[in-house]
Amino acid sequence: MGPHCSGKEMEIPHLDSQGAYFCTFRQNGTLLYNVSNAVRIEEVSSDATLTMYRESSNSSLVTLFCMTSDGYIYASWSWTPLSTAKEVHLVTTTMYGSNDTFNERFSCGDFNGYYFPLYFSPVKFEDSGRFNCYFENLLVASINVVTLKVSAVPPSGFPRNHPVVLRCEVSEVSTDPVTLAWLRMEGSRGLLVKQDILTESHPNKTLSVTLPSLRRDQLHWQCAVFTEGMLRVTASLTLTLPTQTTMSSMTGMGTETVVRGVITMAATLGILGLLGFYCRRPNSKETLPLG
């Protein structure tokens, strides 16, 4: 039995969210991006499609809002995956509390006739596509969700000097060009390493960076997505240094310590042998044959 719509409380966007937001990127002290954007809260018609970008990860969450000024009895959300282009019914609810959920990762908030949010978590890369909100048979909102994922090849268990490939992939590039950028993180500051502008006719939707070998200052990365000069989403990637399977790691001692231990043991055995020979020697002056 799948989950039902629950009374999750999420903050509804309001006029206080309006204002200017700033984003700055630098490389070795040189200014690369200095973007200032004004955010407005406004009503849109039902035939307009909004686009949002989200990271694909186990901790990611998407919240879609659907609101109207007129009251309705029931509402529903549907999803048209980018991969199949076939509409899938997700959730249906009514003002009387009866509801149905057709996917275990999707849930919805309480429906009061005017407001109906949809949540899904974790976000998978395959979740990209169009989400439609219906109040009864009226299409109220249409939102296009574009997903982003990052990976490293090989992920782990490789020698320290083995090259590592960082890969960032966006699920969709529509009519607007998309800029992908790899940033090496130094604390909260990101240094641009590589970027590329993807278009609808681009042969692939990925950006890769090859590290000849992994160092301690190359463990924290972010892939950023820009459209129209605005930062849309980032995805973080944290690498780990490989473990060395040498004699020192297996014994818990360094190589020098092992060598010194062998020499010390040999010297000790030699001393014990001399002591044994001395103990066997008689008090007389005869020389006994050895062996």
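Strands here are DSSP E runs of at least two residues, numbered from the N terminus. The model is predicted: local features need pLDDT of at least 70, side-chain atom pairs count only at pLDDT 80 or more, and totals for chains, interfaces and linings use all residues. Residues are numbered from 1 along each chain as its sequence is written, and side-chain values use heavy atoms, leaving out hydrogens and water.

Arg26 counts as partly exposed because its relative accessibility is 40%. The classes are buried under 20%, exposed over 50% and partly exposed in between (1.4 Å probe, protein chains only). I also checked Arg26 against Leu192: their C-alpha atoms are separated by 7.2 Å, at 166 residues apart along the chain.

Next, I went to the open sheet of 3 strands. Its order is S4-S9-S8, with antiparallel pairing. Strands S4 (62-64) and S8 (106-108) stand at the edges with a single partner strand each, so one side of each has no neighbour in the sheet. I noted 3 bridges between S8 and S9 (residues 118-120); two strands pair if DSSP finds at least two bridges between them. Phe106 has Phe120 in S9 as its bridge partner.

Last, I looked at Tyr96. Tyr96 sits in the loop between strand S6 (88-94) and strand S7 (99-101). At 69% relative accessibility, Tyr96 counts as exposed.

Technical notes:
Helix = DSSP H or I, 4+ residues; strand = E, 2+ residues; numbered from the N terminus.
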